[in-house]
Amino acid sequence: MTNDPHGIPTPDTAPKAARSAHQPAGNRRAIHAPEVAAYWAERRRYLERIRRVPEIRQRYWRAIGMYMIRRVLWSFGFFPVFIAFWVPFVLSSFNPVVMASDLIPLLEGFVDANPEIQANTLSTLVIAWASIGFFFLVFDFVLTPFKSPYDYEADVYMRSWEQLNHDRLPDKV
């Protein structure tokens with residue numbers, strides 16, 4: 001039994017091609033990182049401890065609630081309204097008089113229409129508003145992920161832990 005450069009035991013009977021597939025190009029020294037493992041083990045232990053703290057748990061649920069409210073209001077409140085006003089404003093060459101003169105006949109036609117056509121128009125507008133809102137909601141969740149208070153607390157703790165254990169850690173942790 002021999003060890004490859006990464007410290008993985010390989011049997012002596014393994015074909016040379018199989019052993020060379022695991023070896024990196026060039027001669028690198030073996031990477032043994034118990035210090036890195038200690039960092040992540042300490043972070044996991046700390047996260048397990050702080051998950052039991054009621055104040056941080058309450059802050060976590062409040063942060064989730066505020067995150068969801070912000071995302072929903074931003075996606076369903078701002079973007080559909082902005083698009084509803086910005087697109088006609090651009091199409092009227094940024095002239096509010098032209099925009100109003102184009103929209104007044106449409107609004108008069110809506111008011112004079114029978115209730116079935118009005119309901120159909122309103123349902124179309126609601127579907128357009130909801131589809132724009134859901135589109136932006138999905139991308140908003142992707143582009144602005146939730147930042148957990150637990151992770152923030154763990155980051156602060158691990159920075160101090162790194163400073164206390166600096167002599168035992170490798171250069172790039």
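1. F79 has a relative accessible area of 18% and is therefore buried, the cut-off being under 20%. This comes from a predicted model.

2. In total, the structure holds 21 aromatic pairs.

3. Another of these pairs joins Y67 and F146, edge-to-face, at 5.4 Å centre to centre and with 65 degrees between the planes. This pair links distant parts of the chain, since Y67 lies in helix α3 and F146 in the loop between α5 (115-143) and α6, 79 residues apart. Y67 counts as buried at 11% relative accessibility, whereas F146, at 28%, counts as partly exposed.

4. How do helix α3 (residues 54-91) and helix α6 (residues 149-164) pack, and at what angle? Their axes are 9 Å apart and the angle is about 130 degrees, which makes α3 oblique to α6. On the α3 side the contact is made by I56, R57, R59, Y60 and A63, and on the α6 side by P149, Y150 and E153. By class, this contact has five nonpolar and three charged residues, with no polar ones.

5. Y150, one of the α6 residues in that contact, also has R51 over the face of its ring, at 4.8 Å from the ring centre.

Terms used: Residues are numbered from 1 along each chain as its sequence is written. This is a predicted model: local features need pLDDT of at least 70, side-chain atom pairs count only at pLDDT 80 or more; totals for chains, interfaces and linings use all residues. Side-chain values use heavy atoms; hydrogens and water are left out. Axes are lines fitted to C-alpha atoms, for helices over the stretch in contact, and angles run from 0 to 180 degrees between N-to-C directions. Helices (H or I, at least four residues) and strands (E, at least two) are DSSP runs, numbered from the N terminus. Angles under 35 degrees count as roughly parallel, over 145 as roughly antiparallel, 65 to 115 as roughly perpendicular and the rest as oblique. Contact means heavy atoms within 4.5 Å. Ala, Val, Leu, Ile, Met, Phe, Trp, Tyr, Cys and Pro count as nonpolar, Asp, Glu, Lys and Arg as charged, and the others, Gly among them, as polar. Rings of Phe, Tyr and Trp (its six-membered ring) pair if their centres lie within 6.5 Å; planes under 30 degrees apart count as stacked, over 60 as edge-to-face and the rest as tilted. Buried means under 20% relative accessible area, exposed over 50%, partly exposed in between (1.4 Å probe, protein chains only). A charge sits over a ring if NZ of Lys or CZ of Arg is within 6 Å of the ring centre and within 35 degrees of the ring normal.
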